[in-house]
Amino acid sequence: MPRYAQLVIGPAGSGKSTYCANLYQHCQSIGRVVHIVNFDPAAENFEYPVSVDIRELVSLEDVMEELKLGPNGGLMYCMEYMEENLDEWLHEELDDYIDDDYLVFDCPGQIELYSHVPILRTFVDQLKRWDFNICAVYLLDAQFASDVAKFISGCMASLSAMVQLELPHVNILSKMDLCPNKKDIERFLDPDVQMLLADLNRHMPPSFMKLNRAIAHLVDDYSLVNFLPLDITDEESFQYVLSHIDMALQFGEDAEVKIRDQDADFGGGTEAGGYNSDDAVDDV
Ligand SMILES: Nc1nc2c(ncn2[C@@H]2O[C@H](COP(=O)(O)OP(=O)(O)OP(=O)(O)O)[C@@H](O)[C@H]2O)c(=O)[nH]1
Ligand SMILES: [Mg+2]
(Lines give C-alpha, C1' and ligand atoms only; values in the text may rest on other atoms or scores of the structure.)
(Ligands and ions follow the chains in the order given, each with its own letter.)
Protein backbone atom coordinates (compact mmCIF):
# COMPACT_ATOMS: atom_id res chain seq x y z
CA MET A 1 0.00 0.00 0.00
CA PRO A 2 1.25 3.50 -0.70
CA ARG A 3 2.02 6.15 1.86
CA TYR A 4 0.64 9.66 1.43
CA ALA A 5 2.31 13.04 1.64
CA GLN A 6 1.13 16.61 1.47
CA LEU A 7 3.90 19.02 0.54
CA VAL A 8 2.79 22.30 2.09
CA ILE A 9 4.48 25.10 0.16
CA GLY A 10 3.99 28.78 -0.61
CA PRO A 11 5.54 32.18 0.01
CA ALA A 12 6.93 33.22 3.39
CA GLY A 13 4.21 33.96 5.91
CA SER A 14 1.41 32.53 3.75
CA GLY A 15 0.27 30.38 6.69
CA LYS A 16 1.91 27.00 6.00
CA SER A 17 2.81 26.16 9.60
CA THR A 18 -0.53 27.45 10.88
CA TYR A 19 -2.29 25.29 8.29
CA CYS A 20 -0.27 22.24 9.45
CA ALA A 21 -1.13 22.90 13.10
CA ASN A 22 -4.81 23.30 12.32
CA LEU A 23 -4.83 20.29 10.03
CA TYR A 24 -3.35 18.25 12.86
CA GLN A 25 -6.06 19.44 15.23
CA HIS A 26 -8.81 18.90 12.72
CA CYS A 27 -7.62 15.36 12.05
CA GLN A 28 -7.41 14.65 15.76
CA SER A 29 -10.99 15.79 16.20
CA ILE A 30 -12.24 13.46 13.48
CA GLY A 31 -10.06 10.55 14.58
CA ARG A 32 -7.63 10.58 11.67
CA VAL A 33 -3.91 10.04 11.97
CA VAL A 34 -1.51 12.50 10.35
CA HIS A 35 2.17 13.02 11.07
CA ILE A 36 3.68 16.45 10.57
CA VAL A 37 7.25 16.76 9.35
CA ASN A 38 9.08 19.99 10.05
CA PHE A 39 10.97 20.58 6.82
CA ASP A 40 12.04 24.12 7.69
CA PRO A 41 15.57 24.29 9.16
CA ALA A 42 14.81 27.82 10.40
CA ALA A 43 11.62 27.00 12.33
CA GLU A 44 11.71 27.49 16.08
CA ASN A 45 8.24 27.24 17.58
CA PHE A 46 5.71 24.60 16.77
CA GLU A 47 2.00 24.46 17.35
CA TYR A 48 1.90 20.79 16.35
CA PRO A 49 3.76 17.71 17.50
CA VAL A 50 6.77 17.28 15.23
CA SER A 51 7.10 13.69 14.06
CA VAL A 52 10.23 14.20 11.96
CA ASP A 53 12.42 17.28 12.23
CA ILE A 54 14.94 18.39 9.60
CA ARG A 55 16.77 20.31 12.33
CA GLU A 56 18.01 17.00 13.68
CA LEU A 57 19.96 16.72 10.45
CA VAL A 58 20.84 20.37 9.94
CA SER A 59 19.76 23.63 11.53
CA LEU A 60 19.94 27.11 10.07
CA GLU A 61 21.38 28.54 13.24
CA ASP A 62 24.41 26.22 13.16
CA VAL A 63 24.96 26.76 9.44
CA MET A 64 24.85 30.55 9.77
CA GLU A 65 27.27 30.45 12.67
CA GLU A 66 29.74 27.96 11.28
CA LEU A 67 29.72 28.96 7.62
CA LYS A 68 29.11 32.67 8.20
CA LEU A 69 26.16 32.65 5.82
CA GLY A 70 23.13 34.93 5.90
CA PRO A 71 19.61 33.56 6.49
CA ASN A 72 18.71 32.91 2.84
CA GLY A 73 22.07 31.52 1.75
CA GLY A 74 22.09 29.46 4.96
CA LEU A 75 18.68 28.03 4.22
CA MET A 76 19.66 27.04 0.70
CA TYR A 77 22.75 25.35 2.12
CA CYS A 78 20.58 23.42 4.62
CA MET A 79 18.22 22.24 1.89
CA GLU A 80 21.12 21.16 -0.33
CA TYR A 81 22.56 19.29 2.63
CA MET A 82 19.19 17.59 3.12
CA GLU A 83 19.15 16.66 -0.58
CA GLU A 84 22.58 15.04 -0.24
CA ASN A 85 21.39 13.08 2.79
CA LEU A 86 18.02 11.97 1.52
CA ASP A 87 18.96 8.32 1.35
CA GLU A 88 20.63 8.06 4.73
CA TRP A 89 18.70 10.47 6.90
CA LEU A 90 15.18 10.75 5.51
CA HIS A 91 14.87 7.16 4.42
CA GLU A 92 15.66 6.07 7.95
CA GLU A 93 13.33 8.63 9.54
CA LEU A 94 10.44 7.63 7.30
CA ASP A 95 10.99 3.95 7.97
CA ASP A 96 8.74 4.29 11.02
CA TYR A 97 5.86 5.31 8.77
CA ILE A 98 4.55 2.39 6.81
CA ASP A 99 1.54 1.39 4.71
CA ASP A 100 -1.11 4.07 4.30
CA ASP A 101 0.55 6.50 6.73
CA TYR A 102 -0.20 10.16 5.98
CA LEU A 103 2.59 12.70 6.30
CA VAL A 104 2.43 16.46 5.98
CA PHE A 105 5.66 18.32 5.13
CA ASP A 106 5.76 21.87 6.48
CA CYS A 107 8.22 23.49 4.06
CA PRO A 108 10.20 26.73 4.25
CA GLY A 109 8.88 29.88 2.57
CA GLN A 110 11.87 30.71 0.35
CA ILE A 111 10.18 31.10 -3.00
CA GLU A 112 13.29 30.07 -4.98
CA LEU A 113 12.89 26.55 -3.61
CA TYR A 114 9.70 26.24 -5.67
CA SER A 115 10.76 28.13 -8.76
CA HIS A 116 14.19 27.33 -10.13
CA VAL A 117 16.18 25.34 -7.56
CA PRO A 118 15.79 21.58 -8.18
CA ILE A 119 16.07 20.46 -4.53
CA LEU A 120 12.38 19.84 -3.91
CA ARG A 121 12.05 18.12 -7.26
CA THR A 122 14.80 15.67 -6.30
CA PHE A 123 13.06 15.20 -2.97
CA VAL A 124 9.61 14.44 -4.43
CA ASP A 125 11.11 12.10 -7.02
CA GLN A 126 12.71 10.19 -4.20
CA LEU A 127 9.44 10.07 -2.23
CA LYS A 128 7.74 8.64 -5.31
CA ARG A 129 10.38 5.92 -5.50
CA TRP A 130 9.59 5.13 -1.86
CA ASP A 131 5.97 4.60 -2.91
CA PHE A 132 4.45 7.86 -1.69
CA ASN A 133 1.43 9.46 -3.33
CA ILE A 134 2.20 13.18 -3.09
CA CYS A 135 0.14 16.33 -3.47
CA ALA A 136 1.53 19.87 -3.49
CA VAL A 137 -0.60 22.17 -1.33
CA TYR A 138 0.21 25.72 -2.34
CA LEU A 139 -0.90 28.41 0.11
CA LEU A 140 -1.38 31.97 -1.00
CA ASP A 141 -2.44 34.67 1.43
CA ALA A 142 -5.96 35.87 0.54
CA GLN A 143 -4.54 39.39 0.58
CA PHE A 144 -3.16 38.51 -2.86
CA ALA A 145 -6.74 38.55 -4.05
CA SER A 146 -7.16 42.18 -3.07
CA ASP A 147 -6.17 43.33 -6.55
CA VAL A 148 -5.76 41.68 -9.92
CA ALA A 149 -2.07 42.44 -10.46
CA LYS A 150 -1.14 40.89 -7.11
CA PHE A 151 -3.35 37.92 -7.80
CA ILE A 152 -1.73 37.25 -11.20
CA SER A 153 1.73 37.44 -9.62
CA GLY A 154 0.59 34.92 -6.98
CA CYS A 155 -0.70 32.66 -9.76
CA MET A 156 2.61 32.88 -11.59
CA ALA A 157 4.53 31.88 -8.47
CA SER A 158 2.21 28.93 -7.98
CA LEU A 159 2.49 28.03 -11.66
CA SER A 160 6.28 27.86 -11.47
CA ALA A 161 6.00 25.46 -8.51
CA MET A 162 3.49 23.39 -10.46
CA VAL A 163 5.72 23.18 -13.54
CA GLN A 164 8.81 22.44 -11.47
CA LEU A 165 7.30 19.75 -9.24
CA GLU A 166 4.84 18.10 -11.66
CA LEU A 167 2.62 16.92 -8.83
CA PRO A 168 -1.13 16.94 -8.26
CA HIS A 169 -1.52 20.51 -7.07
CA VAL A 170 -4.12 22.15 -4.84
CA ASN A 171 -4.09 25.94 -4.49
CA ILE A 172 -5.46 27.42 -1.30
CA LEU A 173 -6.31 31.01 -0.47
CA SER A 174 -5.37 31.14 3.20
CA LYS A 175 -6.37 33.53 6.01
CA MET A 176 -9.93 33.90 4.79
CA ASP A 177 -10.95 34.70 8.37
CA LEU A 178 -9.12 38.01 7.92
CA CYS A 179 -11.06 38.99 4.80
CA PRO A 180 -13.54 41.74 5.59
CA ASN A 181 -15.64 40.98 2.54
CA LYS A 182 -15.57 37.39 1.36
CA LYS A 183 -17.78 38.23 -1.62
CA ASP A 184 -14.91 40.29 -3.13
CA ILE A 185 -12.71 37.20 -3.06
CA GLU A 186 -15.21 34.94 -4.80
CA ARG A 187 -14.41 36.21 -8.26
CA PHE A 188 -10.81 35.06 -7.77
CA LEU A 189 -11.62 31.49 -6.79
CA ASP A 190 -12.53 30.32 -10.25
CA PRO A 191 -12.21 33.49 -12.26
CA ASP A 192 -12.93 34.32 -15.82
CA VAL A 193 -9.54 35.17 -17.29
CA GLN A 194 -11.08 37.73 -19.66
CA MET A 195 -12.49 39.55 -16.65
CA LEU A 196 -9.05 39.56 -14.97
CA LEU A 197 -7.46 40.76 -18.17
CA ALA A 198 -9.92 43.62 -18.56
CA ASP A 199 -9.31 44.61 -14.96
CA LEU A 200 -5.51 44.50 -15.43
CA ASN A 201 -5.69 46.60 -18.58
CA ARG A 202 -7.87 49.14 -16.83
CA HIS A 203 -5.21 49.74 -14.17
CA MET A 204 -2.12 49.69 -16.38
CA PRO A 205 -0.80 51.81 -19.27
CA PRO A 206 -1.81 50.59 -22.78
CA SER A 207 1.79 49.53 -23.50
CA PHE A 208 1.23 46.57 -21.14
CA MET A 209 -1.86 45.23 -22.91
CA LYS A 210 -0.01 42.69 -25.06
CA LEU A 211 2.02 41.42 -22.10
CA ASN A 212 -1.09 41.23 -19.92
CA ARG A 213 -2.88 39.18 -22.56
CA ALA A 214 0.07 36.79 -22.90
CA ILE A 215 0.31 36.27 -19.13
CA ALA A 216 -3.44 35.81 -18.72
CA HIS A 217 -3.49 33.18 -21.48
CA LEU A 218 -0.49 31.41 -20.01
CA VAL A 219 -2.26 31.10 -16.67
CA ASP A 220 -5.45 30.04 -18.41
CA ASP A 221 -3.69 27.43 -20.58
CA TYR A 222 -2.45 25.69 -17.46
CA SER A 223 -5.98 25.76 -15.98
CA LEU A 224 -4.33 26.94 -12.85
CA VAL A 225 -6.57 29.81 -11.88
CA ASN A 226 -8.45 27.81 -9.37
CA PHE A 227 -8.26 28.35 -5.62
CA LEU A 228 -9.97 26.84 -2.62
CA PRO A 229 -10.71 29.32 0.16
CA LEU A 230 -9.62 28.27 3.64
CA ASP A 231 -10.97 29.79 6.82
CA ILE A 232 -9.19 27.93 9.59
CA THR A 233 -11.79 29.05 12.11
CA ASP A 234 -14.44 27.08 10.23
CA GLU A 235 -14.32 23.26 10.50
CA GLU A 236 -16.43 22.82 7.38
CA SER A 237 -14.00 24.90 5.37
CA PHE A 238 -11.18 22.67 6.56
CA GLN A 239 -13.09 19.53 5.71
CA TYR A 240 -13.81 20.89 2.23
CA VAL A 241 -10.14 21.62 1.54
CA LEU A 242 -9.00 18.32 3.00
CA SER A 243 -11.44 16.33 0.88
CA HIS A 244 -10.01 17.95 -2.28
CA ILE A 245 -6.47 17.13 -1.22
CA ASP A 246 -7.43 13.55 -0.34
CA MET A 247 -8.96 13.18 -3.75
CA ALA A 248 -5.79 14.46 -5.42
CA LEU A 249 -3.83 11.96 -3.31
CA GLN A 250 -6.28 9.15 -4.06
CA PHE A 251 -6.38 8.70 -0.31
CA GLY A 252 -9.08 6.42 0.97
CA GLU A 253 -9.47 4.56 -2.30
CA ASP A 254 -7.44 1.59 -1.20
CA ALA A 255 -6.57 2.61 2.32
CA GLU A 256 -8.53 2.56 5.50
CA VAL A 257 -8.63 5.73 7.55
CA LYS A 258 -6.61 4.98 10.58
CA ILE A 259 -8.25 5.54 13.90
CA ARG A 260 -6.13 7.63 16.16
CA ASP A 261 -4.61 6.06 19.17
CA GLN A 262 -6.21 8.07 21.96
CA ASP A 263 -3.03 7.78 23.98
CA ALA A 264 -0.97 9.54 21.34
CA ASP A 265 2.30 10.64 22.83
CA PHE A 266 1.58 14.33 22.25
CA GLY A 267 -0.08 15.02 25.58
CA GLY A 268 -2.54 17.80 26.21
CA GLY A 269 -3.38 18.86 22.64
CA THR A 270 -2.33 22.02 20.89
CA GLU A 271 -3.72 25.48 20.70
CA ALA A 272 -4.74 26.43 17.21
CA GLY A 273 -2.34 28.29 15.05
CA GLY A 274 -0.53 30.69 17.39
CA TYR A 275 -3.06 33.45 17.00
CA ASN A 276 -6.42 34.20 18.43
CA SER A 277 -8.97 33.58 15.73
CA ASP A 278 -11.76 35.20 17.73
CA ASP A 279 -9.78 38.43 17.84
CA ALA A 280 -9.12 38.13 14.13
CA VAL A 281 -12.81 37.77 13.35
CA ASP A 282 -13.66 40.66 15.63
CA ASP A 283 -11.16 42.83 13.81
CA VAL A 284 -12.89 42.37 10.49
N1 LIG B 1 -5.90 35.16 11.15
C2 LIG B 1 -5.10 34.27 10.57
N3 LIG B 1 -3.77 34.35 10.75
C4 LIG B 1 -3.00 33.43 10.17
C5 LIG B 1 -3.54 32.37 9.40
N6 LIG B 1 -2.52 31.62 8.94
C7 LIG B 1 -1.40 32.19 9.42
N8 LIG B 1 -1.68 33.28 10.16
C9 LIG B 1 -0.70 34.16 10.82
O10 LIG B 1 0.24 34.57 9.81
C11 LIG B 1 1.57 34.54 10.33
C12 LIG B 1 2.44 33.60 9.49
O13 LIG B 1 1.92 32.31 9.63
P14 LIG B 1 2.81 31.01 9.50
O15 LIG B 1 1.91 29.85 9.66
O16 LIG B 1 4.00 31.08 10.38
O17 LIG B 1 3.29 31.16 7.99
P18 LIG B 1 4.36 30.27 7.21
O19 LIG B 1 3.91 30.19 5.81
O20 LIG B 1 4.61 29.00 7.93
O21 LIG B 1 5.65 31.20 7.32
P22 LIG B 1 7.16 30.78 6.99
O23 LIG B 1 7.40 29.43 7.57
O24 LIG B 1 7.96 31.87 7.62
O25 LIG B 1 7.28 30.80 5.50
C26 LIG B 1 1.45 34.12 11.79
O27 LIG B 1 1.40 35.29 12.56
C28 LIG B 1 0.13 33.40 11.84
O29 LIG B 1 -0.48 33.47 13.11
C30 LIG B 1 -4.97 32.30 9.24
O31 LIG B 1 -5.54 31.43 8.56
N32 LIG B 1 -5.69 33.27 9.85
MG1 LIG C 1 6.38 28.04 8.64
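These legends go with several close-up views of one predicted model.

Local features here need pLDDT of at least 70 and side-chain atom pairs count only at pLDDT 80 or more, while totals for chains, interfaces and linings use all residues. Residues are numbered from 1 along each chain as its sequence is written, and chains are lettered from A and ligands numbered from 1 in the order in which they are written.

**View 1**
The protein chain holds 12 helices and 7 strands (DSSP runs, numbered from the N terminus: H or I with at least four residues for helices, E with at least two for strands). It is divided into domain 1 (3–190 + 226–257) and domain 2 (192–223), with bounds that come from an automatic or database domain assignment. Taken over C-alpha atoms, the centres of the two domains are 29 Å apart. Where they touch, 7 residues of domain 1 are in contact with 8 residues of domain 2 (in contact means C-beta atoms, placed from the backbone, within 7 Å). That side of domain 1 has 6 nonpolar residues, 1 polar and no charged (nonpolar: Ala, Val, Leu, Ile, Met, Phe, Trp, Tyr, Cys and Pro; charged: Asp, Glu, Lys and Arg; polar: the others, Gly among them).

**View 2. Helix α2 against helix α3.**
Here α2 (residues 60–67) packs on α3 (residues 71–84) at about 110°, with the axes 9 Å apart. Axes are lines fitted to C-alpha atoms, for helices over the stretch in contact, and angles run from 0 to 180 degrees between N-to-C directions. So α2 is roughly perpendicular to α3 (that label covers 65 to 115 degrees; under 35 is roughly parallel, over 145 roughly antiparallel and the rest oblique). Look for Leu-60, Val-63, Met-64 and Leu-67 in α2, which meet Pro-71, Gly-74, Leu-75, Tyr-77 and Cys-78 in α3. This contact counts 8 nonpolar residues, 1 polar and no charged.

**View 3. Pro-41 in its loop.**
Pro-41 sits in the loop between β2 (35–38) and β3 (50–53). It counts as buried because 23 other C-beta atoms lie within 10 Å (buried takes 20 or more within 10 Å, exposed 12 or fewer, partly exposed in between, with C-beta atoms placed from the backbone). Beyond its neighbours within four places in sequence, Pro-41 has contacts that include Leu-60, Leu-75 and Cys-78.

**View 4. Ala-12 in its loop.**
You'll find Ala-12 in the loop between β1 (3–9) and α1 (16–29).

Methods. Contact = placed C-beta atoms within 7 Å.
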